[in-house]
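I opened the model to look up its strands, its helices and a few single residues. My notes follow in the order I took them.

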Amino acid sequence: ELEGVSCNEIEGAMYAFPSITLPVGLVEEAEKNEVAPDAYYCMELLKATGIVVVPGSGFGQVDGTWHFRTTILPPEDKMADVAVLMKKFHSDIMNKFSPKV
């Protein structure tokens, strides 16, 4: 349910590797800070929520695409909380860096 995020269905693995479309403003901010855009997204997620994911740029992704890798380890009763935090963060960062119309 995250705008610009898609992922293959997880079938028994404890890892997911979603693809993420990042707004131009975020890409420019990351480049200004000399960091890969997906790494910038991952660090902002960590700072805002405490959720740790790994940037896909460390896995040899195709140039011009961005991903992150997540390990699904929270206890089952905490997954809803993690999903709420992730959804709020993603919405906030997309709004912050998307062009204003």
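Predicted model: local features only at pLDDT ≥ 70, side-chain atom pairs only at ≥ 80, totals over all residues.

Entry 1, strand S5. I began with S5, residues 68-71, and checked which side chains are covered: Phe68 and Thr70 lie on the covered face, Arg69 and Thr71 on the uncovered one. I took strands as DSSP runs of E with at least two residues, and helices as runs of H or I with at least four, both numbered from the N terminus. In a regular strand, side chains alternate between the two faces of the sheet.

Residues are numbered from 1 along each chain as its sequence is written, and side-chain values use heavy atoms, with hydrogens and water left out.

Which strands pair with S5, and in what sense? I found S2 (residues 15-16) paired with S5 in the antiparallel sense over two bridges. S4 (residues 54-55) is also joined to S5 by two bridges, and this pair runs antiparallel. I counted two strands as paired if DSSP finds at least two bridges between them. In general, strands of a sheet pair through backbone hydrogen bonds, either parallel or antiparallel.

I then looked up which residues face each other. Tyrosine 15 stands opposite threonine 71 in S5.

The order is S2-S5-S4, an open sheet of three strands with antiparallel pairing. S2 and S4 stand at the edges with a single partner strand each, so one side of each is left without a neighbour in the sheet.

Entry 5, the chain as a whole. I listed three helices and five strands, and along the sequence they follow the pattern β-β-β-α-α-β-β-α. The C-alpha atoms fill a box of roughly 40 × 30 × 20 Å along the principal axes. I compared the radius of gyration with the globule rule: for 101 residues a compact globule would have a value near 13 Å, and the chain agrees with 13 Å. The radius is taken over C-alpha atoms, and the rule is 2.2 Å times the number of residues to the power 0.38.

Of the 101 residues, 32% count as buried. Buried means under 20% relative accessible area, exposed means over 50%, and partly exposed is in between (1.4 Å probe, protein chains only). The chain exposes about 6,700 Å², with carbon and sulfur atoms supplying 56% of it; the areas come from the Shrake-Rupley method with a 1.4 Å probe, and for residues only the protein chains shown count as cover.

Among contacts between residues at least 6 apart in sequence, 55% join residues at least 24 apart. I took a contact as heavy atoms within 4.5 Å.

For charges I have 8 positive and 15 negative side chains, with the centres of the two sets 8 Å apart. Lys and Arg count as positive, Asp and Glu as negative, and His and the chain ends are not counted. Each charge is placed at NZ of Lys, CZ of Arg, CG of Asp or CD of Glu.

In H1 (residues 24-32) I found Gly25, Leu26, Val27 and Ala30 buried. Their cover includes helix H2 (37-49) and helix H3 (79-97). Glutamate 34 is in the loop between H1 and H2. Its phi is near 55°, a positive value in a residue other than glycine. Glutamate 34 counts as exposed because its relative accessibility is 75%.

Is alanine 39 buried or exposed? Alanine 39 sits in H2 and is buried, with a relative accessible area of 15%. Its C-alpha atom is separated by 15 Å from that of phenylalanine 89, 50 residues apart along the chain. Lysine 47 is also found in H2, but at 60% relative accessibility lysine 47 counts as exposed. The C-alpha atoms of lysine 47 and glutamate 9 are separated by 27 Å, at 38 residues apart along the chain.

I placed glycine 12 in the loop between S1 (5-6) and S2. Glycine 12 counts as exposed, at 82% relative accessibility. From glycine 12 to glutamate 76, 64 residues apart along the chain, the C-alpha separation is 15 Å.
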